[in-house]
Amino acid sequence: MILSYPHHGDRVVAYLLPVWTRFPAADRAGVAAAVLAVALVTLIVGTRVRRGRVRSRPSERPRVRTAEPVDTSWFTAHALEGFPEEAIRATLKAPAAPSRERLYAAWVLATHTQGTDAVWLERHLALPAEAAHLIVAAAESRRGGSSPLDDKTPE
């Protein structure tokens, strides 16, 4: 390593560390190549170790959801019966209103899944609060307070 020493009159003088000057001039290129090779190997090993640690942390790994089978009864011709379209459209006067498909998806989820409330619909489907509450209230009245799983009677 060369360090410059600017306070030597009007000239800049280079100062070599004593370790470097202990090697003969003919061997300095080989020593420099060896030091560079060790630094490169250290960098590669350190990068691989760090990448391995990052991958092994289960809490930071993105979770991959597998496709689950969906009951085809969710998508019948009668799936949208009871959907409060007029009431919802009356509340959505903003130009950035959610699409009809997003509202229909919220309706299907609210009518067929347990635990889907207005807050969940707001958060996951980016629905306005009033529209989400209307959809959940209409879905509950359609179900009549009973679960869709309760409607299936064992044979």
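Is Ile88 buried or exposed? Select Ile88 and look. Its relative accessibility is 1%, so Ile88 counts as buried. Keep in mind that this is a predicted model.

**Stop 1: around Ile88**

Ile88 is found in helix H3. Ile88 and Ala132 are 44 residues apart along the chain. Their C-alpha atoms are separated by 8.9 Å. Ala132 is one of the buried residues of helix H6. That helix is the next stop.

**Stop 2: helix H6**

Select residues 129-143, which make up helix H6. How far apart are its end C-alpha atoms? They are 21 Å apart. The 15 residues should span 21 Å at 1.5 Å a residue, so the two values agree.

Next, colour the buried residues of H6: Ala131, Ala132, Ile135, Val136, Ala138 and Ala139. They cover an arc of only 165° around the axis, which means that they sit on the same side of H6. An α-helix has 3.6 residues a turn, so residues three or four places apart point the same way. Turn to the other side of H6. Glu130 and Ser141 are there, and both are exposed.

**Stop 3: the aromatic rings**

Which residues do ring pairs link into a cluster? Select Phe83, Tyr104 and Trp107; these are the members. Searching the whole structure gives two aromatic pairs.

Start with Phe83 and Tyr104. Their ring centres are 5.1 Å apart and their planes lie at 75°. Planes over 60 degrees apart count as edge-to-face, so this pair is edge-to-face.

Check the cover on each ring residue. Phe83 has 11% relative accessibility, so Phe83 counts as buried. Tyr104 has 22%, so Tyr104 counts as partly exposed. The cut-off for buried is under 20%.

Stay on Phe83 and bring in Trp107. Phe83 and Trp107 are an edge-to-face pair too, with 5.7 Å from centre to centre and 80° between the planes. This pair also links distant parts of the chain: the loop between H2 and H3 holds Phe83, helix H4 holds Trp107, and they are 24 residues apart. Trp107 is buried, with a relative accessible area of 0%.

**Stop 4: a salt bridge**

How many salt bridges does a search of the whole structure find? It finds one. Select Arg100 and Glu85 to see the salt bridge. The closest N and O atoms are 2.8 Å apart. Arg100 lies in helix H4 and Glu85 in helix H3, 15 residues apart, so here again distant parts of the chain are linked. Arg100 has 41% relative accessibility and counts as partly exposed. Glu85 has 21% and also counts as partly exposed.

**Stop 5: a nonpolar patch**

Select Leu40, Leu43 and Ile44. Together they make a nonpolar surface patch of about 290 Å². Zoom in on Leu40. It lies in helix H2 (residues 28-56). How exposed is Leu40, and what is its relative accessible area? The value is 49%, so Leu40 is partly exposed. Exposed would need over 50%.

Definitions and conventions. Residues numbered from 1 in each chain as written. Predicted model: local features only at pLDDT ≥ 70, side-chain atom pairs only at ≥ 80, totals over all residues. Heavy atoms only, no water. Patch = residues over 30% accessible without salt bridge, like charges linked within 9 Å, V, L, I, M, F, W, Y side chains within 5 Å. Areas by Shrake-Rupley, 256 points an atom, 1.4 Å probe, with all protein chains shown as cover. Salt bridge = Lys/Arg side-chain N within 4 Å of Asp/Glu carboxyl O. Helix = DSSP H or I, 4+ residues; strand = E, 2+ residues; numbered from the N terminus. Buried < 20%, exposed > 50% of the residue type's maximum accessible area, 1.4 Å probe, protein only. Phe/Tyr/Trp six-rings, centres within 6.5 Å; stacked < 30°, edge-to-face > 60°. Expected span 1.5 Å × (residues − 1). Arc of directions from axis to C-beta.
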